[in-house]
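Subject: Structure handover and findings

Dear colleague,

I am passing on the structure below, followed by notes on what was found in it. Please read the notes with the model open beside you.

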Amino acid sequence: MGKKKGLTTPVKNPSRDALKVAYFAGCSAGYLFPGVAKAAVGLLEQNGIQVFVPSQHCCSMPLIMEGNQQAAKKRIQANLETLGACMQDGYDIVCSCPTCGYFFKKLLKETAYYSEAFQHRADAGNNRMQVPTGSRDKKFTFVPMGIYKTFLKDDGYFSSIDPLQRIDLSLNVQDLGEYLLAHYKTGQLSISLKEPDRPLAYFAPCHQREQNIGHPYVEMIQSLPGTDIIPMGGEMLCCGMGGHLGFKTGFHDHSLAIGGPLFDRLAAASNRTLITDCLSCRMQLKHVFSRQVFHPLELLIAV
């Protein structure tokens, strides 16, 4: 998972009123499915949104799954510095890969709120701690330090990485579908389907569902006149790929068994084109069904 060079150059002193994003493509779009990254950049730029694709490393989820903590931390730190600089320059951070988004928004910040650095920034005081109680860290409460400090600690997998950097990035990363929908609702985004008469079946992958952002691509497509799209699957259904694990000899059969209930539902929609945000799911579904599978971005165009 090497370093990817930026595809575009940053706008010098961009206007604070302009929409501008720093796009984190992820390894799958960066190396295996570049059409997805090109579609993302194209849709944004055609809608007048300034796009910067900074130098970036793997988000580190595959490395963590393989137990390579040392390499993972190096890549995480590099991404934190690069994306943090983008945030300082006024860019919104977006990613089209649900796994990257889940990692940045959920896993990376785990236990960071229990750190001394955050407690100091929150001005919690000497006898209490401020901790999140709701989703997306919108609600906080105070708890007695004497009772909770022994087990509410920033001593997790990423504890050696600056907790404030981790928190700040997690709060400023958006899934690209989430970002597009927000601006679509305010009239700042104009979209259409390349083939509006094509019936679609959408699968929301596990890491997309875990972000608790709904189904932004489905919501946008359903709002377009004459479109036919249905969500497939359920809260507990998984394609079984598990990132890269489904390719492993010892896990492949288990992967297919896990995905079986989903495959049955998708097989019943054989007249529909399959779309999903997750490119690992895309590979699994394409192998199982020998059908074309697309990322929603590849079907959307600006109008």
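Is Ser60 buried or exposed? Ser60 is buried, since its relative accessible area is 0%, where buried means under 20% relative accessible area, exposed over 50% and partly exposed in between, computed with a 1.4 Å probe on protein chains only.

Before going further, please note that this is a predicted model, in which local features need pLDDT of at least 70 and side-chain atom pairs count only at pLDDT 80 or more, while totals for chains, interfaces and linings use all residues. Residues are numbered from 1 along each chain as its sequence is written, and side-chain values use heavy atoms, with hydrogens and water left out.

As for the overall picture, the chain contains 13 helices and twelve strands, these being DSSP runs numbered from the N terminus (H or I of at least four residues for helices, E of at least two for strands). Its radius of gyration is 20 Å, close to the 19 Å that the globule rule gives for 303 residues, so the chain is as compact as a globular protein of that length; the radius is taken over C-alpha atoms, and the rule is 2.2 Å times the number of residues to the power 0.38. Along the principal axes, the C-alpha atoms fill a box of roughly 65 × 50 × 35 Å. Of the 303 residues, 48% are buried, and among contacts (heavy atoms within 4.5 Å) with a separation of 6 or more, 71% are between residues 24 or more positions apart.

Ser60, with a phi of about 95°, sits in the loop between β2 (50–52) and α3 (61–65). Asp123, with a phi of about 55°, is in the loop between α6 (116–121) and β4 (128–132), and Asp123 counts as exposed because its relative accessibility is 63%.

The cysteines deserve a careful look. The structure holds zero disulfides, a disulfide being a pair of cysteine sulfur atoms within 2.5 Å. For Cys59 the closest cysteine sulfur is that of Cys100, and the 3.9 Å between them is too far for a bond; Cys59 is buried, at 4% relative accessibility. For Cys239 the closest is in Cys281, where 3.5 Å is likewise too far for a bond, and Cys239 is buried with a relative accessible area of 2%. Cys100 belongs to helix α5, where it is buried; ten of the ten residues of this helix, 98–107, are buried, including Lys105 and Lys106.

Arg209, found in helix α10 (residues 206–209), is buried yet has no salt bridge, the nearest side chain of opposite charge being Glu235 at 4.2 Å. Here Lys and Arg count as positive and Asp and Glu as negative, with His and the chain ends not counted, and a salt bridge needs a side-chain nitrogen of Lys or Arg within 4 Å of a carboxyl oxygen of Asp or Glu. The Arg209 side chain does reach the backbone oxygen of Ala204 at 2.6 Å. Leaving out residues up to four places away in sequence, Arg209 touches Phe203, Ala204, Gly234, Glu235, Met236 and Leu237.

Finally, Ser280 lies in helix α13 (residues 279–289) and is buried at 13% relative accessibility. Its side chain reaches the backbone oxygen of Gly243 at 3.2 Å, and, neighbours within four places in sequence aside, Ser280 is in contact with Met241 and Gly243.

Best regards

Notes
A polar contact is a pair of N or O atoms within 3.5 Å; within protein, one must be able to donate a hydrogen and the other to accept it, and residues adjacent in sequence count only if both atoms are side-chain atoms.
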